[in-house]
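Subject: Structure for you to look at

Hello,

Please find the structure below, together with its sequence. My notes on it come after.

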Amino acid sequence: MIVTSGSSNPTFAKDLARLMGVEYKAARIGHFPDGELHITVPRDKETILVQSLALNPNEYMMELLLMLDYLESKGSEVTAVIPYLAYARQDEEFHSGEAISFHTIAKLLQHYCDNAIMIDVHLHRIGNIKKMLPKAVNVSVMPLIGEYLKRHVKFQNPVVIGPDEESEQWAKQIANILNCDHDIFIKKRFSSTKVAEMEPKSLNLKGRDVVIIDDIISTGGTIANAVKIAKKHGAKKISVACAHGLFVGGAVGKIKPYVSNILSTDTVPGKYSKIRAAPAVANYLKKRK
Ligand code: R5P
């Protein structure tokens, strides 16, 4: 067995290889003068192919498809590890005429390699990855985030908050590890004269250290808003954490001045990707054997 990768996240791939005790072999990835990809793919009887699809999703997706198709054609038993699955957020035709990218991506993966391991896929409306990719597995890095926070951040009377209802599952998991309360923000106080405002569903945040957890931080809008609400409700020290830190569109500038910590796992490489995510995949692979 070997681990190889596309160009999106070799650090994750090397970490996974180390944890699995197998060799990491780099693919040679270049371009023809017209921009087409030219890839030379290492392989073994079993090949774990790591490719995250963040920040340059179209190029990375094409790398993934070329590599998968080649490996399958050579009879290698392939497991695709996709630390960040792009295109999952458009899972509906929200406005008439919009292409539903999650369907397209799922069909492509299903065709080229249905044996895929992903991490905290955005499944707000779908619920279960099996509905889209029956053989795929969705592992969670939320326990790793919880353990990291427990070891590296000092809290006083902490509470873990999800910025919306979907994120309650993660707030609860992390709160269990930190042995503290959790809550979510919900819209309250509808009236004809007052615009709905987000508020904590049930807890008082006054004087407490707050951790805000989400699956993705992209433009930072959701988290920045949650930070504002937490501050308004008297939160003391605020830390924000996510599985996938894309941090595009000036996200960090919107958050940094108001928080003590910004943390992400390394499903997407970057300055704030301090939490290793490969152990979640290695644990799953070791159990699968
Ligand atoms: C939304 O459903 C997701 O869970 C995240 O809250 C969202 O993708 C974050 O995006 P942004 O950082 O652009 O607000």
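The notes below go through the sheet, the ligand site and then some single residues and a helix.

This is a predicted model, in which local features need pLDDT of at least 70 and side-chain atom pairs count only at pLDDT 80 or more, while totals for chains, interfaces and linings use all residues. Residues are numbered from 1 along each chain as its sequence is written, and side-chain values use heavy atoms, with hydrogens and water left out.

The sheet

Six strands form an open sheet in the order β2-β1-β5-β6-β7-β8, and the pairing is parallel. Helices (H or I, at least four residues) and strands (E, at least two) are DSSP runs, numbered from the N terminus. Two strands pair if DSSP finds at least two bridges between them. At the edges are β2 (23-24) and β8 (137-139), each of which pairs on one side only. Inside this order, β6 (residues 77-82) and β7 (residues 116-119) are joined in the parallel sense by three bridges. Ala-80 has Ala-116 of β7 as its bridge partner. As background, strands of a sheet pair through backbone hydrogen bonds, either parallel or antiparallel.

The ligand site

Which residues surround the ligand? They are Arg-89, His-122, His-124, Asp-214, Asp-215, Ile-216, Ile-217, Ser-218, Thr-219, Gly-220, Gly-221 and Thr-222.

An N or O atom in the side chain of Asp-214 is 2.5 Å from an oxygen atom of the ligand. For Asp-215, the distance from a side-chain N or O atom to a ligand oxygen is 2.6 Å. His-124 has a polar side-chain atom 3.1 Å from an oxygen atom of the ligand. On its own the ligand has 380 Å² of accessible area, and the protein covers 84% of this. Such areas come from the Shrake-Rupley method with a 1.4 Å probe; for residues, only the protein chains shown count as cover. The largest share, four residues, comes from β12.

Ser-52

Is Ser-52 buried or exposed? Ser-52 is buried, with a relative accessible area of 2%; buried means under 20%, exposed over 50%, and partly exposed in between (1.4 Å probe, protein chains only). Ser-52 sits in the loop between β5 (46-50) and α2 (57-73). Its side chain reaches the backbone nitrogen of Tyr-84 at 3.1 Å. Contact means heavy atoms within 4.5 Å. Leaving aside neighbours within four places in sequence, Ser-52 is in contact with Ser-8, Asn-9, Tyr-60, Pro-83, Tyr-84 and Thr-267.

Two asparagines in loops

Most residues other than glycine have a negative phi, and most peptide bonds are trans. Asn-157 has a positive phi of about 50 degrees although it is not a glycine. Asn-157 belongs to the loop between α4 (142-152) and β9 (159-162), and is partly exposed at 49% relative accessibility. Asn-179 also is not a glycine and has a positive phi, of about 55 degrees. Asn-179 is found in the loop between α5 (168-178) and β10 (181-188), and counts as exposed at 70% relative accessibility.

Helices

In α8 (residues 278-288), the buried residues are Ala-278, Pro-279, Ala-280, Val-281, Ala-282 and Leu-285. Their cover includes α1 (10-20), β5, β6, β7, β8 and α4.

His-103 lies in α3 (residues 101-112) and is partly exposed, at 34% relative accessible area. Not counting residues up to four places away in sequence, His-103 touches Asp-91 and Met-132.

Glu-59 lies in α2 and is partly exposed too, with a relative accessible area of 22%. Beyond its neighbours within four places in sequence, Glu-59 is in contact with His-31 and Leu-37.

Regards

Notes:
Near = heavy atom within 4 Å. Polar contact = N/O pair within 3.5 Å; in protein donor to acceptor, adjacent residues only side chain to side chain.
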